Structures are given as C-alpha cells and as structure tokens.
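Let's take a guided walk through a protein structure, looking at how its pieces meet. Keep the picture open beside you as you read.

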Amino acid sequence: MHNVEPLVALRGITKSFPGILANDRVDFDVYPGEIHALLGENGAGKSTLVKVLYGIHQADTGTIQFGDRAVQIRSPHDARRLGIGMVFQQFTLIPALSVVENVALFLPHLPAVLDHGVIARRIEEVSGRYGLAVDPWAPAWRLSVGEQQKVEILKLLLARSRVLILDEPTRVLVPHEIDGLFRVLAGLREHGYAVVFITHKLPEVLTCADRITVMRGGTVAGTLVRAEATERGLVGLMFGTAWPEEGSSRREPIRESARPLLELREVDTSGDGVSLRQITLTIAPGEIVGVAGVSGNGQRELGDVILGLTQTAGGKKIIHGQDATRWSVDRIRRSGVAFVPEDPLRMLIVPPLSVLENMALADTRKYARHVGLTVDWIAVRRDLEQSTRRLALEMLPPAVPAGTLSGGNVQRLSLVRELSIDPRLIVALYPTRGLDVRGATAARHLLLAMRNRGAGELLISEDLGELFSMSDRLIVLYRGRIVGEARPKDTTVYEIGRLMTGGVAGG
Amino acid sequence: MSVPFVESVLLGAILSGMPVLYAALGEVIVERAGVVNLGLEGVMLMGAVTSFASTVRTGSAALGVLAGATAGGLFNLILALLVVTRQANQLASGLALMFFGAGVSALLGAPYIGSRIAGLNPLQIPGLAHLPYLGPLFRSDILAYLAIPAAALVWWGLFRTRWGLSLRAVGENPAAAYAAGYSPPAIQYQALFLAGLFGGIAGADLSIGIVKTWAEWMTAGRGFIAVALVIFSRWHPLRIVWGAVLFGGAVALQLQFQARGAPVSPFLLDTLPYLLSLGVLLVWAGGRRHAAPASLGRVFEGTK
C-alpha cells in the first residue's frame with residue numbers, strides 16, 4: 001500500500017529495565033501523512049517504545065532508521081533535531097509563562113533578543129491553519145486542559161517537527177474536545193505530518209487511525225490497516241483473550257424516603273477557579289448521582305466542598321443528617337466519606353512514600369498501636385491485599401515508592417486505598433481515567449457493588465457512556481451551576497451534551 | 001521639617017539603598033533560576049573587603065570595584081558547586097557561605113582596619129547638583145547613578161532575551177527547560193556568577209563608595225534585607241527599586257533621629273529599618289499566584 005519510504009523505521013528494538021523486558025524485538029514504522037495508533041493495555045510497552053523513539057530511553061539493541069540513514073537518538077534534543085516531537089501525558093507547559101514564552105522556549109534558532117510580537121504572529125498563523133486557536137498572550141496557568149494540549153502541539157509544529165508523538169492525548173479531553181483533536185490530526189495528516197498516538201480506547205482507534213499497531217507484553221501483537229481492523233479483532237490482539245465482560249449488575253435504588261447521606265442546600269463557593277452557585281443536591285443510600293460537565297465547570301470544586309477542602313461561602317452541607325458545613329476534612333472522612341480525586345498524585349498519594357505507607361495513611365487511627373507509637377503494618381498489608389482482591393486488580397508491589405508507579409497503577413492504588421475503608425459515601429472524580437479496559441471494568445463493578453450494598457456515590461466523569469450506564473440520576477454542571485437533572489433512561493446523550501455546553505433544556 | 005533634615009534622609013535613602021538594590025538585583029537573577037542564595041551577606045562582605053584592599057593597594061577605585069565584583073562572582077561559584085553540582089541543600093549551603101564570607105573577609109580585612117581612602121569620587125551633574133532638596137542626589141558616585149539603570153537592564157535581560165526566558169524556565173520547571181534543550185545546571189552557574197558580580201558591586205559600593213573604610217561585618221544584615229526585598233517585590237527587578245529606596249530611607253531616618261538625639265534608645269532606633277522590612281513582609285507575604293518561581297529551592301536531579 002505504501003509507495004513511499006517510511007519516515008522512521010525502528011527495527012528489533014529491545015529495552016529492559018530491572019525486572020522487566022519492556023520491549024522485545026519490536027519493529028515499528030511511521031510513514032509521512034499517516035495517523036498511526038499504538039494500542040495496548042497498561043504496561044504493554046507502548047510508552048517505552050515511543051520514549052526510545054524520542055530519545056528518553058536508549059534501546060539495548062535495535063536500530064532506528066530515519067529517512068534513508070541510520071541514526072542514534074541519545075536525547076530528546078537529538079530527536080527534535082531530526083523533527084521528532086512528543087506531547088506527554090503530563091504537559092510540560094510552565095504555568096507562570098505566557099503561551100508565547102512557552103512556545104519560544106521550544107523554538108530552535110531563537111534569537112538572543114526576543115520579539116514577542118513576531119512569535120505571537122507565527123503562533124496565530126499556524127494555529128489558524130490547523131484549528132488550534134489559543135490566546136498567545138494568556139499565561140499558561142489560565143488555559144484549560146484542552147487548550148494546553150493545543151499549545152503543546154503548536155510547540156512541536158513551530159519547532160518544525162514532522163513526526164508528532166502523542167501519549168494518550170484523549171485521556172484528559174472531553175468528547176467534543178476529542179473530536180476537535182481528531183480534526184486537527186486529520187489536518188496535519190493532509191499536510192504530510194506523521195502522527196503516532198498512544199491509546200487504549202478502541203473506538204478512537206477505529207475513528208481516526210490509518211494504521212494500528214497493537215502491543216502486548218512488550219512485543220508487537222500485530223499491525224493492521226484500519227480497513228481490516230475490527231473491535232473484536234483488536235481486543236483479541238490486545239488481550240490474547242475475549243473481550244472482558246462488561247455487565248453492570250443494576251438494581252433499583254433504595255426507596256426515595258431513606259434519609260439522604262449527603263445534602264447540599266444552596267451552596268456557594270468563592271475562590272480562584274470556578275465558583276459554585278446555589279448547588280442543591282442530595283445523595284441517598286444506594287444511589288449513584290452522576291455529574292456530567294465539560295471539565296473546569298465546577299466538578300473539582302464540588303468534590304472539594306463535599307470533602308471540606310474548601311469552605312462554603314453560603315448554604316448548608318448536611319452529612320448523615322447532621323450539619324457538616326464547618327466540619328474538618330478529618331471529621332468528614334471519619335464519618336465514612338471516601339474520596340477518589342482527579343489528580344491522585346497531588347491530592348491523595350504521597351509520591352515518595354511506599355505503596356504500603358500510602359495505604360496506612362487512609363486511616364492512621366485504625367492502624368495505630370501502642371497509643372500511636374507504632375503502626376500495625378501486618379494489618380495494613382492485609383487490608384491492601386483484601387481491597388486489591390475485591391477490585392480484582394493485580395497486587396501492587398508494597399515496598400515501591402508510589403511516585404514510581406505508572407499512571408494507571410496510581411489510580412489503582414487510590415481506588416484500593418479509598419474503597420478499603422468500606423465508605424458510606426464515595427465522591428469519585430474520573431475514577432477510571434488512566435485505567436485500561438480491564439481495570440476500568442473492575443473499578444466500575446466495584447463502585448456498583450458498593451452502591452448495591454447501600455453506599456451513596458457522587459460520580460464525576462467525562463465519559464458519558466460511563467455516566468449513563470452507572471448513574472441512577474444525572475446532574476449537569478455548567479459554569480458552577482446545576483443546569484439540568486434527569487434519570488438516564490429519560491434523557492439522551494445528545495440532550496446532556498447540549499446542557500454541558502451551555503444549551504437550554506428542551507429548547 | 002528643615003531642609004537639611006529632608007536632604008539628609010533623601011541622600012541617605014539613596015546611599016543606603018543602592019548597595020541593597022545591587023545585591024537584590026543579583027538575588028532576583030538567581031532566585032528566578034530557582035536558587036535561593038542566603039549567602040548573599042557573605043558575598044557582599046567579600047566584595048567589600050576585596051574592593052577596599054585593591055583600592056588601598058592600587059590607589060584606583062575603579063580597579064577596586066572591578067576586583068570586588070570579580071571576588072563576589074567567584075565566591076558565588078562556591079555555592080554553585082555545592083547546590084548545583086553537589087545538589088546540597090540550598091538554605092544550609094547559603095548560611096555556610098555567609099559565615100565563610102564573614103570569616104574570610106575579616107581575615108583579609110584585618111590589616112586595613114582604620115585605613116581611610118578617597119574611594120569613588122562624587123560626580124556632580126551640572127545644573128542639578130545645587131537644586132534644593134534633590135541636589136545631593138546629583139552629587140553621588142558612579143555606582144549610585146548606575147543602580148537604577150542596572151535594575152532596568154536586569155528586567156530587560158530576564159523578560160526580553162532568550163537567556164532570560166531559559167533562566168526563568170529553569171526556575172519554574174527545570175525538567176521542562178531541559179526538555180526544551182537547555183542545561184539547567186549551566187544556566188544556574190551563569191546566574192550565580194552574575195549574581196555574585198552584583199553582590200560584589202554591592203559590597204564595593206558600601207566600602208569604597210559610601211563608608212570609605214573597612215569594618216568587620218560592615219554589611220550589617222543588608223544581604224538578608226536584599227533577600228527579603230526580592231520576596232516582597234514578588235521577584236520583579238523594577239519593584240525592587242522601591243523596596244531598596246524604602247529601606248535606605250529608613251536607615252537614613254534612624255541615623256538622623258540618632259544624630260539629633262531623639263529620646264529613644266539608639267538600639268531601638270537601629271532596628272527601625274529591619275522592623276520596616278518585617279512589617280512589609282507581614283503585609284505582602286503570600287502574594288499572588290505564580291509569583292514565586294515554582295522550582296525555587298528545589299534540587300534538579302537531572303533526567304533519569
């Protein structure tokens with residue numbers, strides 16, 4: 001099918017880390033003008049492969065051919081000189097600097113004295129061509145996640161990259177932003193750029209990729225063109241088994257008359273980000289309330305206010321029938337509230353501490369012995385194992401610092417830890433973000449099982465499919481207000497999507 | 001208030017403020033690159049003693065300033081070796097450098113205690129030097145005239161050049177700067193050397209510009225005031241000018257009170273400028289979002 005030469009050809013790439021063979025004799029080609037998806041479970045070796053290509057890792061053996069010559073890529077600097085650029089999952093924008101300055105930092109041949117206006121014009125020119133509109137003068141901390149990603153891509157384009165590597169670019173985006181990204185990628189393909197994007201979401205691959213390389217256990221399980229790829233076939237390659245069972249054991253919620261676990265009455269907040277306005281909300285035992293919304297419309301603030309991380313500026317918060325408006329975080333947690341935060345590495349997990357130590361932090365009183373002078377590590381370990389088993393996850397290595405775990409594993413740890421206390425109320429922000437298909441299914445099963453045992457849950461998610469399949473009720477947040485409420489069976493994805501983007505109900 | 005009183009306070013504000021300004025301009029450069037230099041006091045002392053000794057030996061105040069600046073720059077490279085290359089704790093290393101500087105300067109300066117020199121000559125600006133109130137400002141030495149342009153130059157360097165952009169990137173997120181192809185250790189070395197030059201000039205301004213004598217620990221905490229000024233200016237070189245003049249004014253004011261025999265303990269009056277600094281920090285601390293360099297004081301461990 002290809003009458004052109006590959007832009008980059010990796011041959012026989014083998015890379016091992018202590019204890020694991022991350023890449024085992026991997027061959028991988030990238031052609032100009034193609035979108036090449038790299039598909040696989042967490043730990044299949046996708047990230048390692050692209051990091052070899054981008055010069056962050058050096059392969060133990062194997063060769064890299066760039067155009068018609070063999071090259072050594074020893075650092076990201078080398079990679080960029082060849083025209084290979086990468087957008088990481090964690091963006092590398094510097095919040096205090098403006099978009100212009102962030103882009104300038106990345107430009108090769110930057111003059112010693114900067115002309116910000118010239119750089120801004122170049123940004124506008126390129127962003128106009130590919131639909132990457134963003135205000136060049138805004139400081140990066142003011143940009144939404146979607147805009148930050150646009151800037152990351154702009155950086156590469158302005159630095160004349162021809163091969164763009166995107167590591168799970170859709171993970172942080174909401175549905176309409178994902179469509180926007182795919183349009184951008186399609187535009188880039190038309191202009192002859194090569195795009196490599198890593199994902200573990202099948203529908204995305206089938207929508208936007210020209211070719212698909214599936215990795216499993218550090219090797220290439222297969223490379224297909226889109227025409228010959230089917231969902232079933234790809235799953236077969238990814239797991240080497242059948243599609244993992246996704247059946248939700250739904251059950252009617254406990255009658256409405258039960259005393260609510262959580263009540264918010266006309267809650268307002270004020271603060272740096274979005275302010276919540278007049279939020280009135282109840283969560284009953286045995287009920288999942290789903291929160292839909294484009295990220296940055298008050299989801300994080302809602303979670304924070306329930307957990308007591310931010311104080312209300314007005315209104316009332318009632319937990320288990322008691323006025324909890326002024327309760328401390330500690331008191332709220334002890335009353336049986338679990339929190340799965342948006343960014344576990346910042347909010348929940350202490351990176352330098354081991355997995356086991358992080359587990360113990362869930363309830364230090366429970367594990368304290370001898371008036372708090374010692375810790376019952378055996379009990380901590382037992383709970384870690386039990387909770388892991390219940391989630392049907394693989395056991396995490398207890399002695400490893402949590403900060404060295406992969407993104408998916410950090411999310412696992414935060415679920416394992418928070419759900420181990422058998423909470424009555426669970427506030428979960430994006431609980432399946434970063435998990436592969438199997439992990440996400442297990443997490444959803446567990447959340448449903450907790451609900452069936454009588455826990456109330458607030459599920460904040462960007463995945464409308466997840467919200468529709470799990471929630472008993474849905475609310476929609478837009479600019480800090482609840483703009484709609486419905487039962488999933490009485491509404492449609494289209495209707496919710498319209499409310500999320502500021503449309504009016506019914507009209 | 002009498003004309004001499006106002007004149008003295010104004011003149012004092014400039015005279016006492018400018019060494020602090022030079023020192024703080026150096027400190028803002030290193031802090032923007034992510035390093036806190038608590039050893040600034042020691043750097044100033046090294047600059048002061050070296051410039052004084054050189055002036056005595058050579059008879060040239062210009063050579064003295066040059067020697068002081070060089071000594072400051074080289075002295076700061078000790079800190080660079082500790083905190084950049086050896087990745088030692090910045091606060092502990094800075095304090096050690098301060099005491100080291102105090103000790104070495106006392107040793108080097110011992111033969112010069114009591115020496116008097118002509119120092120830097122005042123340059124009169126024709127037409128302005130005899131204005132009422134403002135006149136004394138235009139009878140200052142070259143270092144006093146250059147201090148405020150130096151602040152503008154530092155601002156330009158930090159915010160309008162490639163070097164400044166890469167330096168600020170290192171102070172915010174060295175990993176991102178590294179990924180962009182810059183070397184955080186190299187930039188921090190450059191920043192520390194440059195800051196040392198400024199610290200050395202600050203010391204020279206004090207010993208051969210203002211006091212024209214050498215005394216042990218003659219900086220009397222000005223290095224630390226400079227560090228505080230950087231914080232209260234929210235890491236902005238132009239705002240530092242105001243802080244430096246304010247501090248200098250407080251020094252001059254308390255000297256005038258003492259000279260006029262105000263019925264307050266001189267020890268208490270001595271603390272006035274420092275009380276003012278404390279007050280300013282109390283009011284301005286915290287500050288706005290993204291004012292402090294995000295990676296200030298952290299160790300860049302490279303990319304493994």
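Is the crossing of α3(B) and α8(B) right-handed or left-handed? The crossing of these two helices is right-handed. Before going further, please keep in mind that this is a predicted model.

**Helices packing in chain B**

Two packed helices are described by the angle between their axes and the distance between the axes. With that in mind, find helix α3 (residues 61–85) of chain B and helix α8 (residues 184–210) of chain B, whose axes come within 6 Å and cross at roughly 140°.

Now look at helix α2 (residues 40–58) of chain B, which packs on α8(B) with an angle of about 55° and 7 Å between the axes. Because of that angle, α2(B) is oblique to α8(B). The crossing of α2(B) and α8(B) is right-handed. On the α2(B) side, the contact residues include Leu40(B), Val43(B), Met44(B) and Phe52(B). Among those that α8(B) brings are Gly196(B), Gly199(B), Gly200(B) and Gly203(B). By class, the contact of α2(B) with α8(B) has 12 nonpolar and eight polar residues, with no charged ones.

Here are the two pairs side by side:

| Helix pair | Angle between axes | Distance between axes |
|---|---|---|
| α3(B) and α8(B) | roughly 140° | within 6 Å |
| α2(B) and α8(B) | about 55° | 7 Å |

**Where the chains meet**

Next, zoom out to the place where chain A touches chain B. Here 18 residues of chain A are in contact with 17 residues of chain B. On the chain A side, the elements that give two or more residues are α2 (76–82) and α3 (99–106) of chain A. Of the elements there, α3(A) gives the most, with four residues. This side of chain A has 14 nonpolar residues, two polar and two charged.

**Two domains in chain A**

Finally, how many domains does the domain assignment of chain A give? The assignment gives domain 1 (8–239) and domain 2 (262–500). The centres of these domains of chain A are separated by 31 Å, taken over C-alpha atoms. Between them, 10 residues of domain 1 of chain A are in contact with 12 residues of domain 2 of chain A. The domain 1 side of this contact holds three nonpolar, five polar and two charged residues.

Conventions. Residues are numbered from 1 along each chain as its sequence is written. Chains are lettered from A and ligands numbered from 1 in the order in which they are written. This is a predicted model: local features need pLDDT of at least 70, side-chain atom pairs count only at pLDDT 80 or more; totals for chains, interfaces and linings use all residues. Domain bounds come from an automatic or database domain assignment. Two residues are in contact if their C-beta atoms, placed from the backbone, lie within 7 Å. Ala, Val, Leu, Ile, Met, Phe, Trp, Tyr, Cys and Pro count as nonpolar, Asp, Glu, Lys and Arg as charged, and the others, Gly among them, as polar. Axes are lines fitted to C-alpha atoms, for helices over the stretch in contact, and angles run from 0 to 180 degrees between N-to-C directions. A crossing is left-handed if the near helix is turned anticlockwise from the far one by less than a right angle, and right-handed if clockwise. Angles under 35 degrees count as roughly parallel, over 145 as roughly antiparallel, 65 to 115 as roughly perpendicular and the rest as oblique.
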